[in-house]
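Student: I would like to learn how to read a structure such as this one. Where do we start?

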Amino acid sequence: IRFIIGDVRDKERLNETIKGHTLVIHAAATKIVPTAEHNPSECIKTNIDGALNVIDACVNNNIKKTIALSTDKACNPVNLYGATKLASDKLFLSANNIEPNKKKFSILRYGNVIGSRGSIVPFFINQAKYNNHLTITDKKMTRFMISREDAVKMLWEVNTKMYGGEIFVKKLPSMNIVEIARTISPSSKIKIIGIIPGEKIHEQMISSADSYNTYEFDKYFKIVSSTLNNKIKEKIITKGKKVKLGFEYSSEKNKIWMTKDNLLKIIKKKNLF
(Lines give C-alpha, C1' and ligand atoms only; values in the text may rest on other atoms or scores of the structure.)
Protein backbone atom coordinates (compact mmCIF):
# COMPACT_ATOMS: atom_id res chain seq x y z
CA ILE A 1 0.00 0.00 0.00
CA ARG A 2 1.30 3.42 -0.93
CA PHE A 3 -0.04 6.46 0.92
CA ILE A 4 -0.25 9.69 -1.06
CA ILE A 5 -1.07 13.20 0.11
CA GLY A 6 -3.67 14.92 -2.02
CA ASP A 7 -7.01 16.70 -2.17
CA VAL A 8 -10.14 15.99 -4.24
CA ARG A 9 -10.25 19.72 -4.96
CA ASP A 10 -7.00 19.33 -6.92
CA LYS A 11 -7.94 17.82 -10.30
CA GLU A 12 -4.34 17.60 -11.54
CA ARG A 13 -3.26 15.68 -8.43
CA LEU A 14 -6.21 13.29 -8.84
CA ASN A 15 -5.28 12.60 -12.45
CA GLU A 16 -1.69 11.86 -11.46
CA THR A 17 -2.67 9.61 -8.57
CA ILE A 18 -5.18 7.26 -10.19
CA LYS A 19 -3.29 6.53 -13.40
CA GLY A 20 -2.99 2.81 -14.09
CA HIS A 21 -5.72 1.69 -11.69
CA THR A 22 -9.01 -0.09 -12.37
CA LEU A 23 -11.02 0.72 -9.22
CA VAL A 24 -11.53 4.02 -7.39
CA ILE A 25 -13.39 4.34 -4.08
CA HIS A 26 -14.45 7.91 -3.39
CA ALA A 27 -14.74 8.47 0.37
CA ALA A 28 -13.58 12.07 0.73
CA ALA A 29 -16.15 14.51 2.13
CA THR A 30 -16.75 17.31 4.57
CA LYS A 31 -19.06 15.30 6.83
CA ILE A 32 -19.75 17.11 10.09
CA VAL A 33 -23.24 18.66 9.92
CA PRO A 34 -22.58 21.79 12.06
CA THR A 35 -19.26 22.40 10.29
CA ALA A 36 -21.00 22.36 6.92
CA GLU A 37 -23.78 24.64 8.15
CA HIS A 38 -21.26 27.27 9.24
CA ASN A 39 -18.84 26.81 6.30
CA PRO A 40 -21.15 26.15 3.34
CA SER A 41 -18.81 27.19 0.54
CA GLU A 42 -16.04 24.90 1.80
CA CYS A 43 -18.47 21.99 2.02
CA ILE A 44 -19.62 22.60 -1.56
CA LYS A 45 -16.03 22.78 -2.84
CA THR A 46 -15.19 19.37 -1.36
CA ASN A 47 -18.44 17.45 -1.72
CA ILE A 48 -19.66 18.72 -5.10
CA ASP A 49 -16.64 20.19 -6.90
CA GLY A 50 -14.52 17.35 -5.53
CA ALA A 51 -17.02 14.78 -6.83
CA LEU A 52 -16.85 16.35 -10.30
CA ASN A 53 -13.04 16.20 -10.18
CA VAL A 54 -13.12 12.50 -9.24
CA ILE A 55 -15.54 11.72 -12.07
CA ASP A 56 -13.45 13.62 -14.62
CA ALA A 57 -10.23 11.95 -13.44
CA CYS A 58 -11.82 8.49 -13.62
CA VAL A 59 -13.14 9.12 -17.13
CA ASN A 60 -9.81 10.56 -18.32
CA ASN A 61 -7.89 7.58 -16.92
CA ASN A 62 -10.31 4.89 -18.13
CA ILE A 63 -11.15 3.65 -14.63
CA LYS A 64 -13.45 0.64 -15.03
CA LYS A 65 -15.24 0.92 -11.69
CA THR A 66 -15.84 3.87 -9.38
CA ILE A 67 -17.71 3.51 -6.08
CA ALA A 68 -18.78 6.63 -4.20
CA LEU A 69 -19.69 6.40 -0.52
CA SER A 70 -22.93 8.16 0.36
CA THR A 71 -24.82 8.84 3.57
CA ASP A 72 -28.33 8.63 4.99
CA LYS A 73 -28.27 12.43 5.08
CA ALA A 74 -28.40 12.52 1.26
CA CYS A 75 -31.97 11.17 1.48
CA ASN A 76 -34.49 14.02 1.87
CA PRO A 77 -31.72 16.36 3.06
CA VAL A 78 -32.46 19.00 5.68
CA ASN A 79 -28.87 20.25 6.03
CA LEU A 80 -26.20 21.48 3.66
CA TYR A 81 -24.04 18.38 4.10
CA GLY A 82 -26.94 16.17 3.00
CA ALA A 83 -27.76 18.46 0.09
CA THR A 84 -24.17 18.35 -1.19
CA LYS A 85 -24.06 14.55 -0.87
CA LEU A 86 -27.35 14.27 -2.75
CA ALA A 87 -25.84 16.40 -5.53
CA SER A 88 -22.73 14.19 -5.45
CA ASP A 89 -24.87 11.05 -5.74
CA LYS A 90 -26.68 12.48 -8.75
CA LEU A 91 -23.39 13.37 -10.42
CA PHE A 92 -21.99 9.86 -10.01
CA LEU A 93 -25.18 8.19 -11.25
CA SER A 94 -25.31 10.48 -14.28
CA ALA A 95 -21.67 9.66 -15.11
CA ASN A 96 -22.83 6.23 -16.26
CA ASN A 97 -24.18 7.86 -19.41
CA ILE A 98 -20.71 8.99 -20.51
CA GLU A 99 -19.52 5.58 -21.71
CA PRO A 100 -22.12 2.95 -20.71
CA ASN A 101 -20.71 -0.50 -19.83
CA LYS A 102 -17.11 0.69 -20.19
CA LYS A 103 -16.91 2.97 -17.15
CA LYS A 104 -19.20 2.10 -14.24
CA PHE A 105 -20.16 4.41 -11.38
CA SER A 106 -22.13 3.10 -8.38
CA ILE A 107 -22.94 4.35 -4.89
CA LEU A 108 -22.97 2.71 -1.47
CA ARG A 109 -25.16 4.37 1.18
CA TYR A 110 -25.16 3.48 4.87
CA GLY A 111 -25.58 5.02 8.34
CA ASN A 112 -23.35 5.58 11.37
CA VAL A 113 -20.09 3.65 11.23
CA ILE A 114 -19.45 2.64 14.85
CA GLY A 115 -16.15 4.07 16.04
CA SER A 116 -15.48 6.24 13.01
CA ARG A 117 -14.40 9.83 13.53
CA GLY A 118 -17.39 12.05 14.21
CA SER A 119 -19.79 9.20 15.00
CA ILE A 120 -21.89 9.17 18.16
CA VAL A 121 -20.06 6.27 19.87
CA PRO A 122 -16.63 7.92 20.36
CA PHE A 123 -18.45 11.17 21.16
CA PHE A 124 -20.27 9.52 24.10
CA ILE A 125 -17.13 7.66 25.16
CA ASN A 126 -15.20 10.93 25.42
CA GLN A 127 -18.02 12.62 27.30
CA ALA A 128 -18.17 9.72 29.77
CA LYS A 129 -14.43 10.09 30.43
CA TYR A 130 -14.31 13.83 31.01
CA ASN A 131 -17.85 14.88 32.05
CA ASN A 132 -20.44 13.64 34.50
CA HIS A 133 -23.17 13.64 31.85
CA LEU A 134 -23.90 12.69 28.23
CA THR A 135 -25.63 15.22 25.97
CA ILE A 136 -28.58 14.10 23.86
CA THR A 137 -30.63 16.29 21.58
CA ASP A 138 -33.88 14.29 21.69
CA LYS A 139 -34.79 11.08 23.55
CA LYS A 140 -36.84 9.82 20.58
CA MET A 141 -33.85 9.95 18.24
CA THR A 142 -32.87 6.77 16.38
CA ARG A 143 -29.89 5.92 14.20
CA PHE A 144 -28.83 3.20 11.76
CA MET A 145 -25.74 1.36 13.04
CA ILE A 146 -22.96 -0.48 11.19
CA SER A 147 -19.50 -1.71 12.20
CA ARG A 148 -16.44 -0.76 10.20
CA GLU A 149 -15.92 -4.42 9.25
CA ASP A 150 -19.45 -4.72 7.85
CA ALA A 151 -19.06 -1.43 5.99
CA VAL A 152 -15.90 -2.70 4.28
CA LYS A 153 -17.47 -6.09 3.50
CA MET A 154 -20.41 -4.38 1.86
CA LEU A 155 -18.07 -2.18 -0.14
CA TRP A 156 -16.36 -5.21 -1.65
CA GLU A 157 -19.73 -6.81 -2.34
CA VAL A 158 -20.66 -3.70 -4.31
CA ASN A 159 -17.39 -4.04 -6.20
CA THR A 160 -18.32 -7.57 -7.34
CA LYS A 161 -22.02 -6.94 -8.07
CA MET A 162 -22.22 -3.39 -9.44
CA TYR A 163 -23.43 -2.70 -12.97
CA GLY A 164 -23.20 1.08 -12.71
CA GLY A 165 -26.07 3.45 -12.06
CA GLU A 166 -27.41 2.02 -8.79
CA ILE A 167 -27.33 3.07 -5.15
CA PHE A 168 -26.75 0.11 -2.82
CA VAL A 169 -28.44 0.58 0.56
CA LYS A 170 -27.35 -2.02 3.09
CA LYS A 171 -29.97 -3.37 5.49
CA LEU A 172 -28.89 -2.25 8.96
CA PRO A 173 -30.11 -2.43 12.55
CA SER A 174 -31.39 0.70 14.26
CA MET A 175 -30.85 1.84 17.82
CA ASN A 176 -32.37 4.48 20.06
CA ILE A 177 -29.96 7.23 21.11
CA VAL A 178 -30.68 6.75 24.82
CA GLU A 179 -29.87 3.03 24.56
CA ILE A 180 -26.57 3.90 22.88
CA ALA A 181 -25.75 6.28 25.70
CA ARG A 182 -26.73 3.79 28.41
CA THR A 183 -24.65 1.05 26.77
CA ILE A 184 -21.55 3.23 26.80
CA SER A 185 -21.98 4.72 30.27
CA PRO A 186 -24.85 3.35 32.39
CA SER A 187 -23.96 5.57 35.36
CA SER A 188 -23.71 8.90 33.53
CA LYS A 189 -26.52 11.43 33.73
CA ILE A 190 -28.28 12.35 30.49
CA LYS A 191 -28.69 16.02 29.61
CA ILE A 192 -31.20 16.98 26.91
CA ILE A 193 -29.84 19.93 24.92
CA GLY A 194 -32.34 20.18 22.05
CA ILE A 195 -31.91 19.52 18.37
CA ILE A 196 -28.89 21.13 16.69
CA PRO A 197 -28.99 22.98 13.33
CA GLY A 198 -29.42 20.56 10.42
CA GLU A 199 -30.07 17.49 12.61
CA LYS A 200 -32.81 14.91 12.03
CA ILE A 201 -34.65 13.00 14.78
CA HIS A 202 -34.62 9.84 12.64
CA GLU A 203 -32.42 8.76 9.75
CA GLN A 204 -33.77 7.85 6.34
CA MET A 205 -31.90 6.04 3.57
CA ILE A 206 -34.76 5.46 1.10
CA SER A 207 -37.59 7.96 0.73
CA SER A 208 -41.12 7.32 -0.54
CA ALA A 209 -40.14 9.19 -3.72
CA ASP A 210 -37.31 6.67 -4.22
CA SER A 211 -39.75 3.75 -3.97
CA TYR A 212 -40.61 4.05 -7.66
CA ASN A 213 -37.08 2.89 -8.52
CA THR A 214 -36.17 0.70 -5.52
CA TYR A 215 -35.70 -3.08 -5.45
CA GLU A 216 -35.14 -5.32 -2.46
CA PHE A 217 -32.50 -8.07 -2.21
CA ASP A 218 -31.48 -10.31 0.71
CA LYS A 219 -28.84 -8.03 2.26
CA TYR A 220 -29.58 -4.67 0.67
CA PHE A 221 -31.81 -2.50 -1.47
CA LYS A 222 -30.94 -0.97 -4.83
CA ILE A 223 -32.17 2.44 -5.94
CA VAL A 224 -31.86 2.46 -9.72
CA SER A 225 -31.08 5.65 -11.62
CA SER A 226 -34.00 6.70 -13.82
CA THR A 227 -31.59 7.90 -16.53
CA LEU A 228 -30.20 4.44 -17.39
CA ASN A 229 -31.10 2.54 -20.53
CA ASN A 230 -33.44 -0.44 -20.09
CA LYS A 231 -30.78 -3.10 -20.79
CA ILE A 232 -28.65 -1.99 -17.85
CA LYS A 233 -31.74 -1.56 -15.65
CA GLU A 234 -32.78 -5.14 -16.30
CA LYS A 235 -29.35 -6.39 -15.24
CA ILE A 236 -29.42 -4.32 -12.04
CA ILE A 237 -32.84 -5.51 -10.89
CA THR A 238 -32.35 -9.22 -11.71
CA LYS A 239 -33.43 -11.33 -8.69
CA GLY A 240 -34.66 -8.21 -6.94
CA LYS A 241 -38.21 -7.54 -5.72
CA LYS A 242 -39.84 -4.19 -6.41
CA VAL A 243 -40.80 -2.44 -3.17
CA LYS A 244 -44.31 -1.11 -2.66
CA LEU A 245 -44.97 2.45 -3.77
CA GLY A 246 -44.60 4.74 -0.79
CA PHE A 247 -42.04 2.46 0.88
CA GLU A 248 -39.57 4.24 3.17
CA TYR A 249 -36.45 2.86 4.82
CA SER A 250 -36.04 4.88 8.00
CA SER A 251 -34.41 4.18 11.34
CA GLU A 252 -37.57 4.50 13.46
CA LYS A 253 -39.66 2.15 11.24
CA ASN A 254 -36.90 -0.44 10.87
CA LYS A 255 -37.60 -4.17 11.35
CA ILE A 256 -34.08 -4.84 12.65
CA TRP A 257 -32.83 -3.42 15.97
CA MET A 258 -29.40 -3.59 17.56
CA THR A 259 -29.27 -4.73 21.18
CA LYS A 260 -27.08 -3.23 23.88
CA ASP A 261 -25.09 -6.50 24.02
CA ASN A 262 -24.38 -6.40 20.28
CA LEU A 263 -23.19 -2.80 20.45
CA LEU A 264 -21.04 -3.55 23.48
CA LYS A 265 -19.38 -6.47 21.68
CA ILE A 266 -18.44 -4.22 18.75
CA ILE A 267 -17.11 -1.50 21.06
CA LYS A 268 -14.99 -3.96 23.06
CA LYS A 269 -13.72 -5.72 19.94
CA LYS A 270 -12.43 -2.41 18.58
CA ASN A 271 -11.00 -1.36 21.99
CA LEU A 272 -12.95 1.88 21.83
CA PHE A 273 -13.22 2.21 25.61
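Tutor: Start with N62, which is exposed, with a relative accessible area of 52%. Exposed means over 50% relative accessible area, buried under 20%, and partly exposed in between, with a 1.4 Å probe and protein chains only. This is a predicted model, in which local features need pLDDT of at least 70, side-chain atom pairs count only at pLDDT 80 or more, and totals for chains, interfaces and linings use all residues. Residues are numbered from 1 along each chain as its sequence is written, and side-chain values use heavy atoms, leaving out hydrogens and water.

Student: Where is N62 found?

Tutor: N62 sits in the loop between α3 and β2. Such labels come from DSSP runs, numbered from the N terminus: helices are H or I with at least four residues, and strands are E with at least two.

Student: What is there to see in the phi of N62?

Tutor: Most residues other than glycine have a negative phi. N62 is not a glycine, yet its phi is positive, about 55°. N101 also has a positive phi, near 75°, and is a residue other than glycine. N101 belongs to the loop between α4 and β3 and is exposed, at 51% relative accessible area.

Student: How do I read the pairing of strands, and how many bridges join β1 to β2?

Tutor: Two strands pair if DSSP finds at least two bridges between them. Here four bridges join β1 to β2, and the two run parallel. V24 has T66 in β2 as its bridge partner, and H26 stands opposite A68 of β2. Strand β2 (residues 65-71) is largely enclosed by the rest of the structure, because six of its seven residues are buried.

Student: Which strand comes after that, and how many bridges join β2 to it?

Tutor: Seven bridges join β2 to strand β3 (residues 104-110), again in parallel. A68 has I107 in β3 as its bridge partner. Between β2 and β3 the chain passes through helix α4 (residues 80-94), and this β-α-β crossover is right-handed. The term right-handed applies if, with the strands pointing away from the viewer, the path from the first strand over the helix to the second runs clockwise.

Student: What does K65 touch?

Tutor: Contact means heavy atoms within 4.5 Å. Leaving aside residues up to four places away in sequence, K65 touches T22, L23, V24, K104, N159 and M162. K65 lies in strand β2 and is partly exposed, at 23% relative accessibility. The C-alpha atoms of K65 and M162 are 8.5 Å apart, although 97 residues separate them along the chain.

Student: How do I read a pocket, and what is the volume of the second largest pocket?

Tutor: On a 1 Å grid over the protein atoms alone, a pocket is an open set of points where a 1.4 Å probe fits, with protein on both sides within 12 Å along at least five of seven lines; lining residues have an atom within 4 Å of a point. The volume of the second largest pocket is about 770 Å³. Its lining has 22 residues, and L14, T17, I18, V24 and I25 lie nearest its centre. The largest share of that lining, four residues, comes from β1.

Notes. Grid points are joined across faces, edges and corners, and a volume is the space filled by probe spheres set on the points.
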